[in-house]
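Subject: Structure handover

Hello,

Here is the structure for your files. My notes on what was found in it follow below.

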Amino acid sequence: MYSQSFEECIQACLECMEACNVCFDACLGEEDVKMMADCIRLDRECADICAFAAKAMQSNSPFARQICALCAEICEACGNECKKHDHGHCQRCAEACFKCAEECRKMAA
């Protein structure tokens with residue numbers, strides 16, 4: 001049965017997924033797209049795991065804690081990459097990633 005305790009983490013995952021998708025799209029429009037390659041790659045990876053983690057929590061998967069632990073690692077990596085770039089979308093994405101990583105770590109504990 002779905003646990004209300006998942007709600008904050010699910011919300012953080014969905015917000016992070018959205019921020020990563022926005023960042024991914026905005027990075028493709030930057031002048032030096034090649035320089036943004038790692039950011040773009042991590043944005044995609046992070047958005048995917050965030051969506052998967054939210055779904056796992058919503059369906060009360062027996063693997064939700066492990067998925068959240070992996071999600072936290074990927075969010076941390078994406079946040080660290082995004083914060084290297086001065087673009088507003090990268091900075092907003094990094095913030096969402098770090099918040100999601102924190103919530104996922106709580107869930108995984």
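**Helix 4 and its surroundings**

Helix 4 has 21 residues, and its first and last C-alpha atoms lie 30 Å apart, close to the 30 Å expected at 1.5 Å a residue. Please keep in mind throughout that this is a predicted model.

The buried residues of helix 4 are His 89, Cys 90, Cys 93, Ala 94, Ala 96, Cys 97, Cys 100, Ala 101, Glu 103, Cys 104 and Met 107. They pack against helix 1, helix 2 and helix 3.

His 89, which lies in helix 4, has a relative accessible area of 10%; the cut-off for buried is under 20%, so His 89 counts as buried. Its side chain is joined to that of Glu 30 by a polar contact of 2.8 Å. Beyond its neighbours within four places in sequence, His 89 is in contact with Cys 23, Ala 26, Cys 27 and Glu 30.

**Helix 2 and the residue after it**

Helix 2 has 22 residues, which should span 32 Å at 1.5 Å a residue; its end C-alpha atoms are 32 Å apart, so the two values agree. Its buried residues are Cys 39, Ile 40, Asp 43, Cys 46, Ala 47, Ile 49, Cys 50, Ala 53, Ala 54, Ala 56 and Met 57. The cover over these buried residues includes helix 1, helix 3 and helix 4.

Asn 60 follows helix 2 and is placed in the loop between helix 2 and helix 3. Asn 60 is not a glycine, yet its phi is positive, at about 55°. With 31% relative accessibility, Asn 60 counts as partly exposed.

Buried in helix 3 are Ala 64, Ile 67, Cys 68, Cys 71, Ala 72, Ile 74, Cys 75, Cys 78, Gly 79, Glu 81 and Cys 82. Helix 1, helix 2 and helix 4 are included in what covers them.

Gly 79 is in helix 3 and has a relative accessible area of 0%, so it is buried. Not counting residues up to four places away in sequence, Gly 79 touches Ala 94, Cys 97 and Phe 98. Gly 79 and Cys 13 are 66 residues apart along the chain, and their C-alpha atoms are separated by 13 Å.

His 85 lies in the loop between helix 3 and helix 4. Is His 85 buried or exposed? At 9% relative accessibility, His 85 counts as buried. Its side chain makes a polar contact of 3.0 Å with the side chain of Glu 81. Leaving aside neighbours within four places in sequence, His 85 is in contact with Met 35, Met 36, Cys 39, Cys 90 and Gln 91.

**Met 17 in helix 1**

Met 17 is found in helix 1. Its relative accessible area is 24%, so Met 17 counts as partly exposed. Outside the four places on either side of it in sequence, Met 17 is in contact with Ala 47, Cys 50 and Ala 51.

**The nonpolar core**

In soluble globular proteins, nonpolar side chains tend to be buried together. In this model, the largest nonpolar core has 39 residues. Those with the most contacts inside it are Cys 13, Cys 16, Cys 46, Met 57, Cys 71, Cys 75 and Cys 100. The elements that give two or more residues to this core are helix 1 (7–28), helix 2 (37–58), helix 3 (64–82) and helix 4 (88–108). Which of these gives the most? Helix 2 does, with 10 residues.

**Rings**

A search of the whole structure for aromatic pairs finds zero. A charge over a ring does occur: the charged end of Arg 44 sits over the ring of Phe 24, 4.8 Å from the ring centre.

Regards

Note on methods. Residues are numbered from 1 along each chain as its sequence is written. This is a predicted model: local features need pLDDT of at least 70, side-chain atom pairs count only at pLDDT 80 or more; totals for chains, interfaces and linings use all residues. Side-chain values use heavy atoms; hydrogens and water are left out. Rings of Phe, Tyr and Trp (its six-membered ring) pair if their centres lie within 6.5 Å; planes under 30 degrees apart count as stacked, over 60 as edge-to-face and the rest as tilted. A charge sits over a ring if NZ of Lys or CZ of Arg is within 6 Å of the ring centre and within 35 degrees of the ring normal. A nonpolar core is a set of buried Ala, Val, Leu, Ile, Met, Phe, Trp, Tyr and Cys residues joined through side-chain atoms within 4.5 Å. Buried means under 20% relative accessible area, exposed over 50%, partly exposed in between (1.4 Å probe, protein chains only). Helices (H or I, at least four residues) and strands (E, at least two) are DSSP runs, numbered from the N terminus. The expected span of a helix is 1.5 Å times one less than its number of residues. Contact means heavy atoms within 4.5 Å. A polar contact is a pair of N or O atoms within 3.5 Å; within protein, one must be able to donate a hydrogen and the other to accept it, and residues adjacent in sequence count only if both atoms are side-chain atoms.
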